[in-house]
Amino acid sequence: GGRRRSAVLDFLNVIRPGTIDRMTTTTMRAWRVRRPGPMPGHPLELDCNAAVPEPAAGELLVAVRACGVCRTDLHVAEGDLAVHRTGVTPGHEVVGEVVALGPGAEGFAVGDRVGIAWLRHTCGQCAYCLRGDENLCPDSRYTGWDADGGYADFATVPADFAHRLPHGYTDAELAPLLCAGIIGYRSLLRAQLPSGGRLGLYGFGGSAHITAQVALAQGAEVHVMTRGAEARDLALALGAASAQGAADPPPVKLDAAILFAPVGDLVLPALEALDRGGTLAIAGIHLSDIPDLNYQRHLFQERQVRSVTSNTRADARDFLDSAGRHRIEVTTPEYALDEADRALSDLADGRIAGAAVLLA
C-alpha cells in the first residue's frame, strides 16, 4: 500500500508540471461534514491538509476543476439524509482531469476530461440491475454520501461510473449537467409529458432551469412556480410561458408537472393544477411531509404521482449525448472552493438563481 501511494504521488509530481500546481503536494483541501445540522451552525469544515486519495483497483484519480453545488449536498450537510460516511466530503457534480489510474482501470487515459456523478456503484447482479433499473439496486452507493466527493482538490471514481463529457462547454457549465441535468432528464421521462404538452415546474433552481430548456426544445409549453423573483425572471428569459409564486395556480391546466422543491406542501397545488390523466413527478431525494390528500380534488380523473430515484448510467449517457447535440445555457454563479459553506448557505436561503459551481 505504501509503495503504491508513493508511486502515485511520484507520478503526480511529474505529470504536466505547472499545469495544476496542487498536484505537486501530497495534501489537498477537502470540505468535511463534521456535524450535520442547519447551515447557520456551520456543519462543514475545511481540511487544508487532507491526504490526496489513492485510486483503488478499477478507479480513476481526478484533479477537480469544478464541482456543482446541489441541493442533495445541502441535505447531506444538514442531516436530512442519514449519515452514510462520517466526515464525508460532499459533491457529486464533478468535472476534472484524470491524473492517475488504479490497477485495472480501463476506458480513460491520463489527461482526459471526465465527469463524476451521483451514482457510484451498483451490484450488476440483482433483479433490478439485470432488468435495466440499476438506480433501484439495493447495493447502490453514491458520490458525496457513501464516498468522498468533489468539494476537494482531488476525488476518485470507479472508471465504470465515470462519464465522458460533451464538447463546447466550460468546466463550470458542465458540472451542473452531471446531476441537475441528469436527474431533470429522468424526471421529465417519469412525468410522461405528451408531445407538445403543458409542463409545470415547481421550484426553479439548478435542475429545473436545465430541464425547462430540454422540455422547450422538445416543443413543450413550460409554466414555472417558484418562490424567488430572480428565478422567475430567469424562467421567463429562458422561454417559459408563465412564472408565478410557488403555490400559485398556473394559467392553464398542466399535462405533467415536476416538483423540484423539497416541499411536501407543494404536492397538493401541483396535483390540483394537473389536467385529467396528468402526472406529477417528484424529483428530490428528500421531501418534507405531504399534507392529507383529498381524493376528489387531487387524484381523481387518473392523475398520478411518481417518485424519481437517482438515475441509470444509460440516462446519463443519453442526456449528455443530447447536451452535446443541443446546447444548454447553464446559469452558473461561481464560488471558490474555499467558499463552499457560503455557497450551500446561499442555496439554503434561496439566494441562487441557476446552479452554483465551486471552482478549485
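## Confidence

The average pLDDT for the protein is 93, and 93% of the residues reach at least 70.

The stretch to treat with care is residues 1-22, where pLDDT stays under 50. The model still gives this stretch 37 contacts beyond four places in sequence. Where pLDDT is low, predicted coordinates should not be read in detail.

## Helices H2 and H11

Two packed helices are described by the angle between their axes and the distance between the axes. For helix H2 (residues 71-78) and helix H11 (residues 340-348), the axes come within 10 Å and cross at roughly 105°. An angle from 65 to 115 degrees counts as roughly perpendicular, so H2 is roughly perpendicular to H11.

On the H2 side, the residues in contact are Arg-71, Asp-73, Leu-74 and Ala-77. They meet Leu-344, Leu-347 and Ala-348 of H11. Sorted by class, this contact holds five nonpolar and two charged residues, with no polar ones.

## Helices H5 and H10

The next pair is helix H5 (residues 180-190) with helix H10 (residues 313-325), whose axes come within 9 Å and cross at roughly 105°.

The contact of H5 with H10 divides into five nonpolar residues, one polar and three charged.

## The second largest pocket

Rolling a probe the size of a water molecule over the atoms shows where empty space is left. The second largest pocket has a volume of about 200 Å³. It is lined by 15 residues, and those closest to its centre are Pro-53, Arg-85, Ala-147, Asp-148 and Thr-156.

Strand S1 (27-33) and strand S8 (154-158) are the elements that give two or more residues to this lining. By class, the lining of the second largest pocket comprises eight nonpolar, three polar and four charged residues.

Methods
Residues numbered from 1 in each chain as written. Predicted model: local features only at pLDDT ≥ 70, side-chain atom pairs only at ≥ 80, totals over all residues. Heavy atoms only, no water. Axes fitted to C-alpha atoms, helices over the stretch in contact; angles between N-to-C directions. Helix = DSSP H or I, 4+ residues; strand = E, 2+ residues; numbered from the N terminus. Parallel < 35°, antiparallel > 145°, perpendicular 65-115°, else oblique. Contact = heavy atoms within 4.5 Å. Nonpolar A, V, L, I, M, F, W, Y, C, P; charged D, E, K, R; others polar. 1 Å grid on protein atoms, 1.4 Å probe; cavity = no way out; pocket = protein on both sides within 12 Å on 5 of 7 lines; lining within 4 Å. Points joined across faces, edges and corners; volume = space filled by probe spheres on them. pLDDT = per-residue confidence, 0-100.
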